[in-house]
Amino acid sequence: MSPSVPRLVVAAPSSGSGKTTVATGLMAAFAARGLAVSPHKVGPDYIDPGYHALATGRVGRNLDAYLCGPELIGPLFRHGARGCDLAVVEGVMGLFDGAAGEGELASTAQVAKLLRAPVVLVVDASSQSRSVAALVHGFASWDPEVRIGGVILNKVASDRHEELLREALDSAGVPVLGVLRRAARVDTPSRHLGLVPAAERHADAVQAVAAMGEQVAAGCDLDALLALARGAGDLACDTWEPPVAAPDGRTVVAMAAGPAFTFSYAEHAELLTAAGADVVPFDPLRDACLPDGTAGLVIGGGFPEVYAAELSANEPLRKAVADLAASGAPVAAECAGLLYLCRELDGLPMCGVLDATARMTERLTLGYRDAVAVGDSALAAAGTRTRAHEFHRTVVEPGAGAAPAWGVRTPARRLEGFVQGGVHASYLHTHWAAVPGTARRFVERCRTS
């Protein structure tokens, strides 16, 4: 077993405290020192890992104990961090916030314990002074198994404000490892589902990440943070590997990419490749045809509602997708992919594979789901259970086809999605590493359809 990689978990008392700025800035600052930095994100979020990838030059990876199970957190971490000098793990929500009604499951605290990693607490100090000591003391003492190794104070107003905060924290027994002033140039724009993905604003995102790195390098004790990371406990677990098949020849699986389809877990492509696929990305905004030899299609999540006019205008590709689906070839579509396969989105023609319409709404649908496959499909045998995540502000009517994709068990029972020929389309995001047979089943269907 390879040695454990030095690692830190960047957490906060609540969302909006500056975790993404600090975590991404730390990644960029350490990378600028010449370290190979492995970036990770707790939870199902696809957007932050895009910024992490810009900071480190490595693919951003998710660690979600709900989707994958606690037993896979260590192995998936070791897989992503292999060969690196340091790993930085950005938390989710507040440190102890996890899946609703599930205790610590999927919380940053649980992941920190599973990784035996010290936690750096990012505190928004903009509206407090002495009270910061009570806040930090409470977080440091709440769970003795979570090691708070230091604090980074964010949005500090002045030298005097910093002095008051440091005086208060002297009594808390938790070292201050950084102080960051308010800085508008590191802000990243948001819209209906959170930050605008890095792929949609590449030049601006590169500048923002560079600014985060400069701010963190100037305001934080990088040597002390690196020493803290090197003091992480030994991580005694196996390294996750995608199960390798040995098929005759390779099968082309096209995977939607580009600004409209940015949501995908890195392990999905790795699993498909190990199962015998040549995964070929294409951009539905710009490419007029599918990759040569396409035998199967994966359309993940993203923001087709933002690019509906451009997607609709690319009629040759819409027809190519519809023809592929009509041929019986496997098509796996999640959330944004589901919308793209509908007859129309916000009144604009889409691929027309599904006899359904999609539209934007004001209502946010968000949360973890427990689901079971209703029937056989290109992704799952009937009865296969999975855990998933749902995150959108759209609605598809009807919500399920004559052959639904999933029976959602929690939080409320309902049928969801569509299985139609080789098509499996659903709002639910799943992590294929949790059910490794998914990729192999999909590639085998590509070979035989």
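1. **Ground rules.** This is a predicted model in which local features need pLDDT of at least 70 and side-chain atom pairs count only at pLDDT 80 or more, while totals for chains, interfaces and linings use all residues. Residues are numbered from 1 along each chain as its sequence is written, and side-chain values use heavy atoms, with hydrogens and water left out.

2. **Two cis prolines.** Most residues other than glycine have a negative phi, and most peptide bonds are trans. Now look at the bond from Glu 397 to Pro 398: it is cis, with omega near -5°. Pro 398 sits in the loop between strand S17 (385-397) and strand S18 (406-410). Helices (H or I, at least four residues) and strands (E, at least two) are DSSP runs, numbered from the N terminus. The bond from Thr 410 to Pro 411 is cis as well, with omega near 5°, and Pro 411 is found in the loop between S18 and strand S19 (414-416).

3. **Positive phi without glycine.** Ala 106 is not a glycine, yet has a positive phi of about 70°. Find Ala 106 in the loop between strand S4 (86-90) and helix H4 (108-115). Is Ala 106 buried or exposed? At 5% relative accessibility, Ala 106 counts as buried; buried means under 20% relative accessible area, exposed over 50%, and partly exposed in between (1.4 Å probe, protein chains only). Lys 155 also has a positive phi, of about 60°, and is not a glycine. Lys 155 belongs to strand S6 (residues 148-156) and is partly exposed, with a relative accessible area of 30%.

4. **Strand S2, tucked inside.** Six of the six residues of S2 (residues 37-42) are buried, so this strand is largely enclosed by the rest of the structure. Val 37, Pro 39 and Lys 41 point one way, whereas Ser 38, His 40 and Val 42 point the other way, and all are buried.

5. **Neighbours of S2.** Two strands pair if DSSP finds at least two bridges between them. S2 and S4 run parallel and are joined by five bridges; Lys 41, for one, has Glu 90 in S4 as its bridge partner. S2 also runs parallel to strand S3 (residues 61-63), with three bridges between them, and the partner of His 40 in S3 is Arg 61. To get from S2 to S3, the chain passes through helix H2 (residues 47-56), and this β-α-β crossover is right-handed (with the strands pointing away from the viewer, the path from the first strand over the helix to the second runs clockwise).

6. **Salt bridges.** How many salt bridges does the structure hold? There are 22, each being a side-chain nitrogen of Lys or Arg within 4 Å of a carboxyl oxygen of Asp or Glu. One of them joins Glu 104 and Lys 113 (2.8 Å, N to O), and Glu 104 is partly exposed at 35% relative accessible area.

7. Arg 181 forms a salt bridge with Asp 159, with the closest N and O atoms 2.4 Å apart. Arg 181 lies in strand S7 (residues 176-181) and Asp 159 in helix H6 (residues 159-169), so the pair ties together parts that are 22 residues apart in sequence. Asp 159 is exposed at 59%. Arg 181 also meets Glu 162 in a salt bridge (3.2 Å, N to O). Salt bridges that share partners join Asp 159, Glu 162, Arg 166 and Arg 181 into one network.
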